[in-house]
Amino acid sequence: MSEYLPIVSSFVLVLSFIPLIRKIRKNRSASGVSLLMMSFGVAQSTYFIAYNVFFERFFMVLPFVVTGLLSALILYYFVRYNSSAKQRNQLALLLGISTLPFALLLVKGIEAATLLDALTYLGLVMSSIRVMPQTYKTIKSGDVSNLSARYFSLQFLAGGIGLAAELSLGHVSVAHVLMFVMILLTNAAQLGCIQYYRSRPALA
């Protein structure tokens, strides 16, 4: 049964984007959504895709392709509905910086396997902290009109399933356990912020 937990976690993760995208499309606005959080989503998916393709772990590619594209779709809606020229430049800079590590593949003496392994750890860090910029933005602006509690609830659930899958393994990765714990804590904190600001309509 435990071998199916990562599949279930990936499926829940993909489903989590649906209520958020629906809300953004309905309101025709992505204000209040953190550009940095979604940029981290695109970057970490790119790193994990590159790693899994290089090491021929093709069964792990699809979930990251889907979540990366969904994060990119939300960024597209932000550009379409809300962004100023300054914000578009910031987004281009963020995405550009996230691709810079791949340029190291051109440097003599750096092995692709070593670099991609390092990028997966960077992806784990991004996964751990990606909700923090959203929580900061929510506290700063009080704008939860385009945020979906279901998105963060399902992200929390996916993190819990992922943690259960990791703990069921014979050799447990401390880095992975810490990542899943951080995912649980940061999504729980964001859910608390959403509920708080929704109980104060004047600030939402």
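This report describes the helices, nonpolar cores, aromatic pairs and selected residues of one predicted protein model.

**Basis and confidence**

Because the model is predicted, local features are described only where pLDDT is at least 70 and side-chain atom pairs only at pLDDT 80 or more, whereas totals for chains, interfaces and linings use all residues. Residues are numbered from 1 along each chain as its sequence is written, and side-chain values use heavy atoms, with hydrogens and water left out. The predictor's confidence in each residue, pLDDT, runs from 0 to 100; its mean over the protein is 90, and 97% of the residues reach 70 or more. Confidence is lowest in helix 4 (residues 85–99), with a mean of 89, and highest in helix 6 (residues 132–141), at 95.

**Annotated spans and helices**

An unreviewed UniProt entry lists residues 6–21, 33–54, 60–79, 91–107 and 175–197 under "transmembrane region"; such positions are given in the numbering used here, feature names are shortened, and annotations may be inferred rather than shown by experiment. Helices are DSSP runs of H or I with at least four residues, strands are runs of E with at least two, and both are numbered from the N terminus. In the model, residues 60–79 are 95% helix and 0% strand, with end C-alpha atoms 30 Å apart. Residues 91–107 are 53% helix and 0% strand, and there the end C-alpha atoms lie 27 Å apart.

**Nonpolar cores**

A nonpolar core is here a set of buried Ala, Val, Leu, Ile, Met, Phe, Trp, Tyr and Cys residues joined through side-chain atoms within 4.5 Å. Buried means under 20% relative accessible area, exposed means over 50%, and partly exposed lies in between, with a 1.4 Å probe and protein chains only. The largest core has 26 residues, of which I24, V33, M38, I74, Y151 and F152 touch the most other members. At least two residues of this core come from each of helix 1, helix 2, helix 3 (61–81), helix 7 (149–167) and helix 8 (174–198), and helix 3 provides the largest share, six residues. A second, separate core has nine residues, among them F64, F180, I183 and L184.

Contact means heavy atoms within 4.5 Å. Apart from neighbours within four places in sequence, F152 is in contact with M37, V131, Q134, N187, Q190, L191 and I194.

**Aromatic pairs**

Rings of Phe, Tyr and Trp (its six-membered ring) pair if their centres lie within 6.5 Å, and planes under 30 degrees apart count as stacked, over 60 as edge-to-face and the rest as tilted. Nine such pairs are found in the whole structure, and two of them are tabulated here.

| Pair | Centre distance | Plane angle | Class |
|---|---|---|---|
| Y151 and F152 | 4.8 Å | 85 degrees | edge-to-face |
| Y196 and Y197 | 5.0 Å | 80 degrees | edge-to-face |

Both Y151 and F152 are buried, and together with F17 they form one aromatic cluster. Y196 is partly exposed, with a relative accessible area of 43%, whereas Y197, at 10%, counts as buried.

**Selected residues and helix 6**

S34 lies in the loop between helix 1 (5–27) and helix 2 (35–54) and is buried, with a relative accessible area of 4%. A polar atom of the S34 side chain lies 3.1 Å from the backbone nitrogen of M37. When residues up to four places away in sequence are not counted, S34 touches P133, Q134 and K137.

The buried residues of helix 6 are P133, Q134, T135 and T138, and they pack against helix 2, helix 5 (112–129), helix 7 and helix 8. Helix 6 is followed by G142, whose phi is positive, near 70 degrees.

A158, in helix 7, is buried at a relative accessible area of 4%. Although A158 and S9 are 149 residues apart along the chain, their C-alpha atoms are separated by 4.6 Å, and A158 touches S9, V12 and L13, again without residues up to four places away in sequence. L5, in helix 1, counts as buried at 19% relative accessibility and, with the same exclusion of residues up to four places away, touches I161, A164 and A165.

S173 belongs to the loop between helix 7 and helix 8 and, at 21% relative accessibility, counts as partly exposed.

Methods
A polar contact is a pair of N or O atoms within 3.5 Å; within protein, one must be able to donate a hydrogen and the other to accept it, and residues adjacent in sequence count only if both atoms are side-chain atoms.
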